[in-house]
Amino acid sequence: MANHKLIGEILCDLGKINRADLQIALKEHAETGNKLDQILLDNKLITEEQLIEVLEITLGIPHVNLSKTNIDVDTINIIPAHLIRLHNILPIAKRDNTITLAMANPLNHRAIEDVRMASSLDVIPVIAGATELDNAIRQYLAFRVDPTVKKILGELRPEINLSLSNQNIKDFKIDDAPMVRMVNSLIVQAVQGRCSDIHIEPQELETRVRFRVDGELFVVLTIPKQSTPALISRLKIMAGMDIAEKRVAQDGRFNMLVEDRYVDFRVSTLPTSFGEKVVMRILDRVHAITSINKLGLSNKNREQLLSLSHRPYGLVLIAGPTSSGKTTTLYSVLNEINFVTRNSLTIEDPIEYSIAGINQVQVNPKAGLNFANGLRAILRQDPDVIMVGEIRDLETAQLAVQAALTGHLVLSTLHTNGAAATIARLVNMGVESFLLRSALAGVVYQKLVRRLCISCRETYSLDEETAHKLGIPEESGQEFYQSLGCNNCRQLGYQGRIALHETLYLDQELKNLIGLNDYSEDTISRLAIKSGMITIKKDGIEKAKQGLTSLEEVMKAVLLGE
């Protein structure tokens, strides 16, 4: 508390905040336990630059720009990961008997003392921006092999004979068993690094572990081949699978407490030539987008999606390739119209996130509950809003269309290569065009691209030759953004992902076209553009001009969809 008071007093003495605001912030700090500097920043009473300037001048502690600092990875490994996360600090350099420590709050004497005790080195604090520090910690810790995992690897026994004896199964369940501790450490590391998937892949001589971050896979660990069966068996037990069955693919799921919250995991196994490959999809509710306003839609696309969401009836489809964020958009729409006066039901495979107030049903093919049967059952539950996780066959498509025609708002997803292509896909599946004309309200097509790192992005003018090569000569001379890479983004130039969209809103002219049995993609697309549809290519170019992504990412996404 003394540290917080000292920071507040310094800010007051320099005229950055007034006493009244400080007292209000201190009261909030006492009630919530949140850091005072963060409270001041959240309430826009000071800027991060002002806070750094005050600390630097008053305390005589230098400020460091982490994105331009050559950080020694070996130095980071000196300090346990839990201390780095606990105090929000990052050791960045070691020299002789000293270690340089980047801190958002250099007055955190407990953090300095903990680092001194853990490293047996004298600590030199430097000031770093809180946001920049958070990014650097996430990036560096996500891909370093935790010392705990290294230690556990040395404790692993040779390959276990999986005879399914009671003792063997017990070995896979005891919490302090080396394999159990290693699996838990890997999972925690992946969640803290905001990874979307964990891949465990047996190779000829060893097994590699890769994390997927922002759509890209990175190797984080290799495991001895003889330890792989035990690792995979542990994951199978956690996911409720048969550990004796290795010849067929299996699916399962589990949840685990990570950082005081439960995180869900979907597990899939696949027999390969070198053993079973395992992929775990991480479903962390903390990072799930649940608001249409947070989807990154352009103003016009957002208005059209909101209009579609609040329709009393009709079929609204979210289209796009695998792993393009379709389910996230569906959940955002459901959250937008989650009223106590409406009965909303979903049929999903699997249920990725639970939404309070929504009745969600899990597909169970073994019990005879598929999308079609589930949708029939839902229609007998007096629904207002129905969400079908995915339209996979003609039966489900026909039931969704019939439900939309009988006064229900039906939301679903479909794998297509464009908004206009969705109509042709449904007709080709066997849906009658005259029914589709009346039922379909609109289609949102989307693809994900990587987001530029804001710490190292810079502007450039697109030259005429490149513009012609990319097929956008009209953009010659326009200003775009690029990133060369920095420490915040692991020299990749990108951090996170953003969606590109095109929204096909079916007006009467488009409905008439479908009624005339003219549902070719080119014809529908031309008419939609004439009616004001923003193509995914145009949406991407605009976002590239805003510095949200690069022109290269946009063109790669557009070309892959053609």
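## Overall fold

The chain carries 23 helices and 18 strands, both taken as DSSP runs numbered from the N terminus (H or I of at least four residues for helices, E of at least two for strands). This is a predicted model, so local features need pLDDT of at least 70 and side-chain atom pairs count only at pLDDT 80 or more, while totals for chains, interfaces and linings use all residues. Residues are numbered from 1 along each chain as its sequence is written, and side-chain values use heavy atoms, with hydrogens and water left out.

For 562 residues, a compact globule would come out near 24 Å in radius of gyration, and the chain's 27 Å agrees. That radius is taken over C-alpha atoms, with the globule rule being 2.2 Å times the number of residues to the power 0.38. The C-alpha trace spans about 80 × 70 × 55 Å along its principal axes.

## Cores

Buried residues account for 51% of the 562 in the chain; buried is under 20% relative accessible area, exposed over 50%, and partly exposed in between (1.4 Å probe, protein chains only). The largest nonpolar core has 58 residues, and Leu315, Leu426, Leu440, Leu504 and Leu551 touch the most other members. Such a core is a set of buried Ala, Val, Leu, Ile, Met, Phe, Trp, Tyr and Cys residues joined through side-chain atoms within 4.5 Å. Apart from it lies another core, of 33 residues, including Ala190 and Leu231.

Of its 34 lining residues, Lys35, Arg85, Leu86, Asn88 and Asp134 are the closest to the centre. Here a pocket is an open set of points on a 1 Å grid over the protein atoms alone, where a 1.4 Å probe fits, with protein on both sides within 12 Å along at least five of seven lines; lining residues have an atom within 4 Å of a point.

Thr396 sits in helix H16 (residues 394-405) and counts as buried because its relative accessibility is 1%. Beyond residues up to four places away in sequence, Thr396 touches Phe371, Ala372, Leu375, Val388, Glu390 and Ile391, contact meaning heavy atoms within 4.5 Å.

Asp349 is in the loop between strand E11 (344-348) and strand E12 (359-362). At 34% relative accessibility, Asp349 counts as partly exposed. Leaving out neighbours within four places in sequence, Asp349 contacts Gln362, Val363, Phe371 and Arg392.
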